[in-house]
Amino acid sequence: MREITFAEALGEAMLEEMERDPTIFTYGEDIAKQGGIFGQYKSLLGKFKDRVIDTPISEEVIYGSALGAALVGMRPVVEFHFADFIFTGITSIVNQIMKFKHMTGGQGKIRVVLRGPDGVAKSAAAQHSESIETIFMHIPGIFVVIPSTPYDMKGLLKTALRCDDPVIIFEHKMLYKIKGPVPEEEYFIPFGKADIKREGKDVTVVATSRMVHESLKAAEELEKEGIDVEVIDLRTLVPWDKECVINSVKKTHHLVIAHETWKRAGWGAEVAATVQEMAFDYLDAPIIRVGAKNVHIAFSPPLQDYIVPDYKSVIDAVRRVLNV
Amino acid sequence: MSDYSKEFLQSLYRTMVRIRVFELKAEELFLQGKLPGFIHLYIGEEAIATGAMANLRKDDYITSTHRGHGHMIAKGASMDRMMAELYGKKTGYCKGKGGSMHIADVSIGVLGANGEVGGGLPIAVGAAMGLKMQKKDSVVISFFGDGASNRGSFHESLNWASVYNLPVIFICENNQFASTARFKETTSVENISDRAVAYSMKGITIDGNNVLEVYETVKEAVYRARNGGGPTLIEAKTYRIKGHFVGDPMLYRDQKEVEEFWKKEPIGRFENYLFENGFMNNQEKESIWQEANKEVETAVKFAEESEYPEPKEALEDLFENDTGYDYF
């Protein structure tokens with residue numbers, strides 16, 4: 001199968017769906033003339049001139065206008081530039097987009113896709129590095145998508161572009177350039193279906209985004225020691241695939257959860273609590289969570305690396321959960 | 001002296017009366033303890049919704065405020081379903097999930113009242129953007145208060161509307177109070193319409209208690225918007241005769257001031273105009289009030305006889321399709 005980058009997969013999904021559906025249009029900062037600062041919209045350069053729009057830096061309106069456009073029958077795809085900047089317009093997302101349907105008794109089709117870069121990059125420092133996906137898992141009213149591979153990016157974005165509800169997609173900055181197999185033929189990945197990225201029998205590692213790759217690397221290392229790690233990529237946090245995780249725990253009896261966002265009250269806490277509620281008897285050891293230390297992402301490389309987890313953090317957690 | 005027909009003028013009067021009667025009834029019901037939550041009344045501001053909406057078609061849109069009952073009625077919402085929503089009944093516009101502050105009827109172009117001050121402006125520019133892309137000639141009116149004009153959403157939305165030349169009319173209902181804060185003490189300009197200059201659009205301040213002045217001003221703005229001329233900012237100066245919400249002790253103002261403004265309220269003023277120019281007689285006036293009272297009584301009856309939602313209906317309407325979302 002051909003291999004393309006994560007950014008190219010994203011671009012392909014946009015291109016295919018925009019050709020099919022004239023109500024899709026996309027806007028944000030630096031996307032039309034620049035193609036996105038990570039090259040994520042390069043495939044759209046020069047195409048759909050009236051439907052790919054550079055906007056003022058006005059986050060509250062970027063998000064709020066998406067709701068208005070959706071209510072009159074359009075399907076806006078909004079890029080949030082950097083996940084950290086969502087906070088500058090978060091009221092339009094949380095108080096308007098996410099609540100509109102429920103508080104109006106089911107009115108309107110809120111076909112809004114919010115997507116963009118998140119996660120730690122090399123020394124981008126505190127205001128360009130955050131992974132804030134947990135917030136949107138906590139508040140009801142939006143589907144939360146967090147892909148880790150080009151294949152998943154394309155299939156999940158295509159599903160998002162046909163969804164009649166709001167969707168937010170977190171794309172890790174360090175993933176845009178990675179390559180992976182993506183079929184030429186059309187496919188869709190449903191929300192709420194985790195992917196077992198590596199089968200194993202000794203311990204389950206549940207991860208998302210960049211930490212899926214770190215967990216796979218950890219699994220390779222641990223294999224040399226005879227430890228067989230199963231790596232589950234949740235792919236979507238709302239809804240999340242409880243069944244897949246529970247079934248895996250029933251098999252391995254050990255669970256490690258790995259995410260890049262802060263460990264304290266990160267989405268791993270929700271997964272751990274749920275497994276404890278639903279499959280406590282299958283656990284041979286307490287669940288261990290891997291996450292960023294509860295401090296802001298610092299600039300200096302050794303500081304950043306100390307705060308943010310990587311494959312070594314996963315290896316350490318697996319050893320601890322197996323008591324080896 | 002007037003080019004208006006008697007029917008048209010009486011229809012404006014009727015709309016203002018219907019709003020007033022609805023609001024007085026809502027106040028009464030609230031004070032009787034029949035309505036949960038809290039409500040924000042539009043009494044004294046009826047001329048703005050009425051004059052503005054008289055220019056709109058059904059396929060035009062509005063965004064409203066937390067003081068939105070008047071906008072809804074003027075845009076064609078049903079009193080029955082509004083009253084039912086105020087009661088929290090399942091027959092209400094939001095099936096009891098939204099209440100007074102979140103009433104919407106997308107099918108008649110009401111893109112929502114809004115519990116957030118200034119929350120409707122970004123939605124309005126987005127709707128205008130969508131309509132323009134679909135090459136429709138519909139327009140959007142975004143209502144907001146003087147308090148909202150100090151929020152970022154106001155400034156961002158005006159810039160946005162101007163940059164993309166959108167068919168939006170921003171109507172600021174300057175009722176002199178943002179909750180308990182006086183306009184003059186919290187706002188950097190004397191006229192909010194002055195802020196239009198910063199966004200390269202026409203700004204105009206009008207007497208918001210004069211329904212015909214509102215009608216004419218909005219008419220011109222709607223014409224401009226419908227024909228590709230872009231946005232307008234209209235500041236309609238009015239006065240919030242009632243408190244921020246029903247039950248507000250109003251410690252921040254003198255009762256004498258309120259009494260002064262009762263003398264300038266829009267319905268009585270317009271009534272005098274209609275009488276003096278022979279557009280309405282006493283009998284017609286009586287019948288308009290009677291009709292409105294009857295309509296509101298029917299609405300109350302409808303609301304009171306309606307069922308409350310089943311508790312588990314709280315879980316409905318979060319998403320268009322239930323795709324495995326976890327509600328527990």
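Student: Which helices and strand of chain A each supply at least two residues of the lining of the largest pocket?
Tutor: This is a predicted model, where local features need pLDDT of at least 70, side-chain atom pairs count only at pLDDT 80 or more, and totals for chains, interfaces and linings use all residues. Residues are numbered from 1 along each chain as its sequence is written, chains are lettered from A and ligands numbered from 1 in the order written, and side-chain values use heavy atoms, without hydrogens and water. Helices (DSSP H or I, at least four residues) and strands (E, at least two) are numbered from the N terminus. In chain A, the contributors are helix H4 (133-138), strand S12 (236-238) and helix H8 (267-279).

Student: How many residues in the lining of the largest pocket are charged?
Tutor: Asp, Glu, Lys and Arg count as charged; Ala, Val, Leu, Ile, Met, Phe, Trp, Tyr, Cys and Pro as nonpolar; the others, Gly among them, as polar. The lining has 16 nonpolar and seven polar residues, and its charged residues number three.

Student: Which helix gives the largest share of the lining of the second largest pocket?
Tutor: Among the residues nearest the centre of this pocket are Met129(B), Lys132(B) and Met133(B). Three lining residues come from one chain B helix, residues 120-133, and that helix is H5.

Student: How many residues of chain A take part in the contact with chain B?
Tutor: Contact means heavy atoms within 4.5 Å. Chain B brings 44 residues to the contact, and the number from chain A is 45.

Student: How far apart are the closest N and O atoms of Lys101(A) and Glu320(B)?
Tutor: The rule finds four salt bridges across the interface of chain B and chain A, each a side-chain nitrogen of Lys or Arg within 4 Å of a carboxyl oxygen of Asp or Glu. Lys101(A) and Glu320(B) form a salt bridge, and their closest N and O atoms lie apart by 2.6 Å.

Student: Which helix supplies the largest share of the side of chain B that touches chain A?
Tutor: On that side of chain B, H5 and helix H6 (152-163) each supply at least two residues. The largest share is nine residues, and it comes from H5(B).

Key:
On a 1 Å grid over the protein atoms alone, a cavity is a set of points where a 1.4 Å probe fits but cannot get out, and a pocket is an open set with protein on both sides within 12 Å along at least five of seven lines; lining residues have an atom within 4 Å of a point.
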